[in-house]
Amino acid sequence: MKTIIFIGTNKSGSSREAIRAAERIGYFTVLFTNNEKQIKQRKEYADVHEMIFVDTTNLASMRLEIRSLLSKGNVVMTIVSFVDSNVARALKLCEEFCPNGTSPNAVDIMENKARTRASLSEFPFSPRFITIHPKTKLEPSIIEPLPGFPLIVKSSSSTGSKDVLQATNLEQLKQHIRKFTEKDPNESIIIEEFIEGDQYLVEAVIYDREIQIAGVIRQEITYGKRFIITGYGVLAIVPKQLNDSILEVLNAIMAKFDIRNGALHLEMRLTKNGWRLIEINPRISGGAMNNMLKAAFGFDLVEETLKLYLGERPSLVQRQRNFVFTQYVIIEKKGILERVTGKKRAGKSPGVVEVYVKPRKGTQLTPPLSMGHRYAYVIAIGTTLEMAKSFAKKAAEKIQFHLKQ
């Protein structure tokens, strides 16, 4: 059986869409998971043909399971992950068992924000930053290379906005560093300038050193205890000057990291002095990204990414051009979910193509401390970005989470 092994998945979003795509195009799907809840909910993963409980942080354990599959006659075509922390491990295993020309060393760098910043420090799109060890005594002289407060503090392995904080003074900066030190006393900490400007997300794939931009998305940020992206506007038409400047950044990264084949997304801010790179990740964005690009352009990015990892040329031919806006729903107070109302009304609203509500009754909900605390989304299309945005926001307002305090 021609088999694709997935290391980790979320219940919904791009990582789950990838498994469904693999089944759709005729592959036997195997999921390596260390999530006991997924084992218990096995029946809800019908697109996973075989689910194997294994420590996904342990390469040796996964090698044993791969050899077991091979001994049973599975022909492993590729090993992939669409989940943050597993991408590099998946590519290392793929290089051992089914080489496909991807770049595991580049992914190793991109999964570590301190190494990424250091590698790209020579480029004008790199913000000013310093990296310190958690046990470093913070003296005012240490942050002299930076332009002053506010500053951004993040752990080297932060994902999903969980460990990204803003400091407005020296005392707050020390508090944030203490917090990160308590969480992981060996993790490097990055302190960088706060960048003003509109934030964009760029989805791209690279095949044989040729870059294809899958989408340029303008982001809306909700500022609370964390920076949470709650709005995504897909540009149906990207102005040439903007597109060319994005390609410049992508080409510099591809050359520096020596990427021959791979998928990545960038988050950047457009300033009066050009682009500044906020972060880079070696995978498609999670959540609704695949579905919003499908609504905008008609192609399935996770399916095309799978083709890339199978050694085939991905095709991002646009079959349509729609402006798309995705509005996420967050809550302001903590509580236990009793019921959700308004989902059907939101789905019947003008322009809406998808409504998704994540939590079930009885789930403990909280104001957002990470991207995982976004509890619903609405995807809407329009003839302009403003129209799509209006449709999505009005529909999202209909969704109400009723909580028991």
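These are my notebook entries on a predicted model.

**Ground rules**

I number residues from 1 along each chain as its sequence is written. In this predicted model, local features need pLDDT of at least 70, side-chain atom pairs count only at pLDDT 80 or more, and totals for chains, interfaces and linings use all residues; side-chain values use heavy atoms, with hydrogens and water left out.

**Helix 1**

I looked up its burial (buried means under 20% relative accessible area, exposed over 50%, partly exposed in between, with a 1.4 Å probe and protein chains only). The buried ones are Ser14, Ser15, Arg16, Glu17, Ala18, Ile19, Ala21 and Ala22. I then checked contacts, meaning heavy atoms within 4.5 Å. The cover over these buried residues includes strand 1, strand 2 (28-33), helix 9 and helix 10. Just after helix 1, I found Gly26 with a positive phi of about 100°.

**Nonpolar cores**

Next I looked up the cores (a nonpolar core is a set of buried Ala, Val, Leu, Ile, Met, Phe, Trp, Tyr and Cys residues joined through side-chain atoms within 4.5 Å). The largest has 53 residues, and Phe6 and Leu293 touch the most other members. Helix 9 (residues 289-297) gives this core its largest share, 6 residues. Another core lies apart from it, with 31 residues, among them Ala106, Ile253, Met254 and Leu266. I also listed the contacts of Phe6, leaving aside neighbours within four places in sequence. They include Ala18, Ile19 and Ala22. Val80, Phe82 and Leu306 are also among them.

**Helix 4**

Which residues of helix 4 are buried? In helix 4 (residues 87-97), I noted Val87, Ala88, Arg89, Ala90, Leu91, Leu93 and Cys94 as buried. Their cover includes strand 1 (2-7), helix 3 (59-71), strand 4 (75-80), helix 5 (104-110) and helix 10 (301-309).

**Strand pairs**

I turned to pairing (two strands pair if DSSP finds at least two bridges between them). Strand 12 (residues 262-271) and strand 13 run antiparallel and are joined by 7 bridges. The two form a hairpin with 2 residues between them. Leu270 has Trp275 of strand 13 as its bridge partner. Strand 13 (residues 274-281) is mostly covered, with 7 of its 8 residues buried.

I also found an open sheet of 3 strands, ordered 17-15-19, with antiparallel pairing. Its edge strands are strand 17 (364-365) and strand 19, each pairing on one side only. Strand 15 (residues 335-341) meets strand 19 over 5 bridges in the antiparallel sense. Leu337 stands opposite Leu403 in strand 19.

**Second largest pocket**

Of the 18 lining residues, Val329, Ile330, Ile331, Glu332 and Ile399 lie nearest the centre. Strand 10 (210-223), strand 14 (323-329) and strand 19 (400-404) each give two or more residues to this lining. I count the lining as 10 nonpolar, 4 polar and 4 charged (Ala, Val, Leu, Ile, Met, Phe, Trp, Tyr, Cys and Pro are nonpolar; Asp, Glu, Lys and Arg are charged; the others, Gly among them, are polar).

Most residues other than glycine have a negative phi, and most peptide bonds are trans. I looked for exceptions. The bond from Phe149 to Pro150 is cis, with omega near 0°. Pro150 sits in the loop between strand 5 (129-132) and strand 6 (151-155).

Asp208 is not a glycine, yet has a positive phi of about 50°. I placed Asp208 in the loop between strand 9 (198-207) and strand 10. Asp208 is partly exposed, at 45% relative accessible area.

Asp258 also has a positive phi, near 55°. Asp258 lies in the loop between helix 8 and strand 12. Asp258 is partly exposed, at 47%.

Notes: Helix = DSSP H or I, 4+ residues; strand = E, 2+ residues; numbered from the N terminus. 1 Å grid on protein atoms, 1.4 Å probe; cavity = no way out; pocket = protein on both sides within 12 Å on 5 of 7 lines; lining within 4 Å.
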